[in-house]
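Here's a quick briefing to read alongside the structure. Have a look at the fold first, then go through the points below.

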Amino acid sequence: MPTDAPASFHVMAKPTGAVCNLACGYCFFLNKDLLYPGSSFRMSDEVLAEYLDQYMRAQQVPVCNVSWQGGEPTLMGLGFFERSVELSRAKAPPGMRLEYSIQTNGTMLDDAWCEFFRRNEFLVGLSMDGPRDLHDRYRVDRHGRPTFDRTLRAARLMRRHGVEFNILCAVNSANASHAVEVYRFFLDELGASWIQFIPVVERVNSDGSTMRQEGTTVTERSVAPAQWGEFLIGVFEEWIRGDVGEVHVNFFESAFASFLGVPALMCIFQETCGEAMVLEHNGDLYSCDHFVEPGHLLGNIMERPMSELAASDRQVQFVEAKLSTLPGHCLSCDVRFACNGECPKNRFRLAPDGEPGLNYLCAGYRAFFEHVDGPMRRMAELYRAGRSPAEITDPVSDEDSQTTQVFASAGRNDPCPCGSGKKFKYCHGVSR
Ligand code: SF4
Ligand code: SF4
């Protein structure tokens, strides 16, 4: 183990590489198969064993998450995952707790898969974009056929088997204008209580493809910046009315952490990139799921241990570049504490002063973080007082309500409404 290796890091493995049985219109990963011409796109048992052995030995923490993604990982067949569970248990150091997760389109799931997931306590991420017409807009199979019924069937099957699952919803130009409809569908029809949203931003490369993170224009499938902000605000308004503490939405949980003054939960909102690398089917390790491209290949774990690759100069530079390339416009932004310029993959616009590197989604994020400022601060106050943030939905007395509004409308540089004489940002607004 190299002395400068991180105490822990996360790897997301893609056992089928980019291969998938669907052909979703906006999928940023499908054409990554061009990176491996002639490959079978199946992780061998040799790579599987080496990966799990190195991964377990590299984690200097009591919990290790073994995480699978694609392409469509279930195309490997159930036997592959049964072997992966057996191997990981055999290789885990004494006392280490293993957590398993998998991201799937759900179309291959049946009783045997669900029974396996439940028995081994897998957390399953199910990709779904909303009700039928919105889901089927881009989520189609290789013959262009809709997939809504197959995905809905998977959700119901998992519920019946008691499998823990969450929803991953790609917010695109079609479903972004239906925030409440999409959100309520996941709650009311699927019984979901964990929802992850992800904005679709597809950059058009000079050759017309969307394979690399290059280019300054986006496809028509991409969500527009203002539309993205409106979507988040629309869901937030529905959530805050009665779902706080019951329904977990990735963007709201992460924002809450920022308003509490602790690191954001999502890597896109942290100051530097996360230690979350990607393992391709052949053992190639890349810096991040969004940068599976030659310039961000760290090496192959069959030739060099992943703990060394995780500590390599190339990975350290990748992690730190997120902060060192943040434009001045972000450095002086009032919501930088929660946004941090979001993901570098989306930083391809010019700031008002002409500096490159502003996030394409900036307008949406600014609108969202400004909108949630009051309620988030109120929830953070409740939490610090040892109360539940969910109390924000309780009816409050007029006096409480007025006080909350006064604090909510205070600017960062205003005198604090509590009368301390300090600026608000150094007093009750310290978490902003
Ligand atoms: S590039 Fe984006 S997704 Fe990848 S680690 Fe950095 S912030 Fe996270
Ligand atoms: S809201 Fe815009 S200016 Fe502010 S930190 Fe985010 S990307 Fe930068």
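In this predicted model, contacts between residues 24 or more positions apart make up 66% of those in the chain with a separation of 6 or more. As for burial, 41% of the 432 residues count as buried.

**Overall build**
- The chain has 14 helices and 12 strands.
- Its radius of gyration comes out at 22 Å, close to the 22 Å the globule rule gives for 432 residues, so the chain is as compact as a globular protein of that length.

- Ten strands line up in an open sheet with mixed pairing, in the order E7-E6-E5-E4-E3-E2-E1-E8-E9-E10.
- Strand E7 (248–249) sits at one edge and strand E10 (297–300) at the other, each pairing on one side only.
- Further in, strand E1 (residues 10–13) runs parallel to strand E2 (residues 63–68), and two bridges link the pair.
- If you want to find that pairing by residue, go to Met12, whose bridge partner in E2 is Ser67.

**Around ligand 1**
- Four cysteines are part of the surroundings of ligand 1: Cys267, Cys273, Cys288 and Cys343.
- Also around ligand 1 are Ile268, Gly274, Ala276, His290, Lys322, Pro344 and Lys345.
- Sorted by class, that shell holds seven nonpolar, two polar and two charged residues.

Conventions:
Residues numbered from 1 in each chain as written. Chains lettered and ligands numbered in written order. Predicted model: local features only at pLDDT ≥ 70, side-chain atom pairs only at ≥ 80, totals over all residues. Pairing = 2+ DSSP bridges. Helix = DSSP H or I, 4+ residues; strand = E, 2+ residues; numbered from the N terminus. Near = placed C-beta within 6 Å. Nonpolar A, V, L, I, M, F, W, Y, C, P; charged D, E, K, R; others polar. Rg over C-alpha atoms; globule rule 2.2 N^0.38 Å. Buried ≥ 20, exposed ≤ 12 C-beta atoms within 10 Å, placed from the backbone. Contact = placed C-beta atoms within 7 Å.
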